[in-house]
Amino acid sequence: MNLPRSLAPAALAAFALACACSKPATTAVSSGASGTTAPDKVVATYNGGKITAGELEKEARPRIADLENKMYEARKQTLEQMAMERIVKAEAAKAGLSDQDYIRKRVESAPVKQPTEAEERQFYDRLKSGGQIPPEATFDSLKDRIGAALVNQQRQAQMQKVIADLQKQANLKMDLPQPRVHVAAEGPARGPKDAPVTIVEFSDFECPYCGAAHDTVEQVMNTYAGKVRLVYRQFPLSIHPHAEKAAEASLCAADQGKFWEYHEVLFKNQKKLDLPDLKAHAGEVGLDTQKFSQCLDSGDKMKAVDADQQAGLAVGVGGTPAFFINGIFLNGAQPIDEFKKVIDGELASK
């Protein structure tokens, strides 16, 4: 038995992972060398030059990290799918229904609210600002599809609830060790330095999904006050024309001790990130605007932004937002329950 593909946990996970801004694909050199090869071992020579295993590992690490994360997600989704198929089969038999009818009945029993035109326009604007629909596509031409997508989101949310209820009822426990990577917690931070959980966030001020995740992160920090430390690292994407300068501006604000205040203003004004706006925002949070402008115009923060991007690439960041919770990767604008699963597990293990 297979769950309906549109209702399967794996499909839901794929939907969640899609809630992220992605950098353009790049060509990478594939590696047949093992990560355990001695770093100084020569793996290629050319016209008197050479490439060592250490150089290769450094260059290939982003692609390897991405593959490791994908392998874990594939195993996790498959394991959950296997468990859910068996749980649903047992529950459907009790109800005298087929597996698919049982799931469909549970999901469709919840009422669906038809979206308002304001909600549809908000969804359309978010997609358009994120470059996910053609510039020439009008709201009217997509209105029906947007309405259907918003209804489908409600169904997906109900499906997640049904899955969670069934898993809880069946006392499902999955023991699949999640890979951890070392991510330096360097950059503007909030929360206790000795907090048992550290979240390193790679984000882009112009990314609409980062804007959506911003509210979730605030919920996390309030829910786990005193137990979580948040470190913000820059990962502006080339598809967002104002993101690089906004990242530099936030670090100029950090020089004056107002990173988080400025960070808040940027996420509340994602469509106002050109240079004059960035300077205007500085005045709004009480910065010395002359010092701020000098810092921003000088380009002094470009190296720091690039260093954050390189650190993100090295651990497999391919889009934003990307979170590392004590080294455990959480990709995209996930609901707070996904953060809680990881954080609660980390706190329980301390």
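What is the volume of the second largest pocket? It is about 420 Å³. The model is predicted: local features need pLDDT of at least 70, side-chain atom pairs count only at pLDDT 80 or more, and totals for chains, interfaces and linings use all residues. Residues are numbered from 1 along each chain as its sequence is written, and side-chain values use heavy atoms, without hydrogens and water.

**The pocket**

The second largest pocket has a lining of 18 residues. R126, S129, P208, Q270 and K271 lie nearest its centre. Helices α4 (117–129) and α6 (208–223) each give two or more residues to this lining. By class, the lining has five nonpolar, five polar and eight charged residues. A pocket here is an open set of points on a 1 Å grid, over the protein atoms alone, where a 1.4 Å probe fits, with protein on both sides within 12 Å along at least five of seven lines; lining residues have an atom within 4 Å of a point.

**Two helix pairs**

Helices are DSSP runs (H or I, at least four residues) numbered from the N terminus. Angles run from 0 to 180 degrees between N-to-C directions.

| Helix pair | Axes come within | Crossing angle |
|---|---|---|
| α2 (residues 53–95) and α5 (residues 139–169) | 10 Å | roughly 80° |
| α7 (residues 243–255) and α10 (residues 289–298) | 9 Å | roughly 140° |

Helix α2 is therefore roughly perpendicular to α5 (65 to 115 degrees). Their contact (heavy atoms within 4.5 Å) includes M84 and I87 of α2 and L166 of α5. Its residues divide into five nonpolar, two polar and two charged.

Methods. Parallel < 35°, antiparallel > 145°, perpendicular 65-115°, else oblique. Nonpolar A, V, L, I, M, F, W, Y, C, P; charged D, E, K, R; others polar. Points joined across faces, edges and corners; volume = space filled by probe spheres on them.
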